[in-house]
Amino acid sequence: MPPRASSAASAIARPGLLLSLGAAVLVGLSLAGGWWLGQRQGSQGAGTQGQAAVQRQADLLRQRVADGSATEAEQRRLLQLLLVLGQEQEATALLEQLADQQPQQWQLRVLLAELRRNGNDRSGAERELRQVLNLKPDRIEALQLLTLLQLEQGRGGQAQAQLKALLEKASKPLVQPQALPIGMLLADLQQQQGQKAEAASLYLKLAGDFPRDPRPLLALALLRQEQGDTKAAQEAMALARSRQPDKPDARLDQVAASWGLTSLRKAALSPKAASPAVPTPTPAALSTSEPAPPTP
């Protein structure tokens, strides 16, 4: 029996994949309107009475859809309520209809792929994602979910080859903006497959290609911390912070707080203040996880 999606998602939802552009696991659901998680969480705390009210509203909308009088907004609302109620089979059928009616709304197709994956229909999920990628091969939200599907099925090598080809295309003759999310996803996948050195090298390359973006260095900092090299992790964090001195980044603050690096958090409030505990390195200094010799 193939593993349930939830267990596979737990295994893959490590810092790297979360950094790429948000967790791939429910990316389609959030993109389809930004309401799925919030509504589901709200219904879980509403109790039996609240769920009964949701069910009544769903019944009314279901009838309007059946007699052909439902507007597009009402169809989407019914989809929302079906997801809240956990009626994923009916939600899938409705979503198929909506996705066919609105082919330009690629988010619906990604959401449909996520629902199929949740139902262990991985081939169906991949089929939906291929439709999105046939129109735009570098659509990162679809690539994230496809990579996750491939990894769950032991096809990590295929996923890597696919991402490497896309990254090369996005890097020649000039580096294009989409090279960053594709490269981040590839490096995250390399981490999952135990290729830590390759991932670190790619993070450094991305940091050089996108000198104002802190994400590659933040990812590198988390990788170095996971490897037990706290000094290199702190250096990468400091350099990430220096890339946006006038624009505080909540992600950097959260990581610094979790590591107890109060000096880095204070640097967000006073960007020009030097941090004696965390020096600002050059990218070359981060290319190795070996500790630097002590300063005389």
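## Exercises on a predicted model

The second largest pocket has a volume of about 160 Å³. The structure is a predicted model.

**Exercise 1.** State which residues line the second largest pocket, and how they divide into nonpolar, polar and charged.

*Solution.* 
Step 1. The lining consists of Ala99, Gln102, Pro103, Gln104, Gln105, Trp106, Arg109, Gln131, Val132, Leu135, Lys136 and Arg139.
Step 2. Sorted by type, the lining has 5 nonpolar, 4 polar and 3 charged residues.

**Exercise 2.** Find which helices each supply at least two residues of this lining, and where the largest share comes from.

*Solution.* 
Step 1. Two helices, α8 (residues 106–118) and α9 (residues 122–135), each supply at least two lining residues.
Step 2. The largest share comes from α9, with 3 residues.

**Exercise 3.** Locate Arg109, decide whether Arg109 is buried or exposed, and list its contacts beyond four places in sequence.

*Solution.* 
Step 1. Arg109 sits in helix α8.
Step 2. The relative accessibility of Arg109 is 12%. The cut-off for buried is under 20%, so Arg109 counts as buried.
Step 3. With neighbours within four places in sequence set aside, Arg109 is in contact with Ala99, Asp100, Glu128, Gln131 and Val132.
Step 4. Arg109 is itself one of the residues lining the second largest pocket. The lining also includes Ala99, Gln131 and Val132, which are among the contacts of Arg109.

**Exercise 4.** Compare the reach of helix α13 with the expected value, and name its buried residues.

*Solution.* 
Step 1. Helix α13 covers residues 196–209, which is 14 residues.
Step 2. The expected span uses 1.5 Å times one less than the number of residues, and for α13 the expected value is 20 Å.
Step 3. From first C-alpha to last, α13 reaches 20 Å, close to that expectation.
Step 4. Its buried residues are Ala199, Ala200, Leu202, Tyr203, Leu204, Leu206 and Ala207.

**Exercise 5.** Describe the chain as a whole by its helices and strands, its buried share and its contacts.

*Solution.* 
Step 1. The chain contains 17 helices and 0 strands.
Step 2. Of its 296 residues, 46% are buried.
Step 3. Among contacts with a separation of 6 or more, 59% join residues 24 or more positions apart.

Key
Residues numbered from 1 in each chain as written. Predicted model: local features only at pLDDT ≥ 70, side-chain atom pairs only at ≥ 80, totals over all residues. Heavy atoms only, no water. 1 Å grid on protein atoms, 1.4 Å probe; cavity = no way out; pocket = protein on both sides within 12 Å on 5 of 7 lines; lining within 4 Å. Points joined across faces, edges and corners; volume = space filled by probe spheres on them. Nonpolar A, V, L, I, M, F, W, Y, C, P; charged D, E, K, R; others polar. Buried < 20%, exposed > 50% of the residue type's maximum accessible area, 1.4 Å probe, protein only. Contact = heavy atoms within 4.5 Å.
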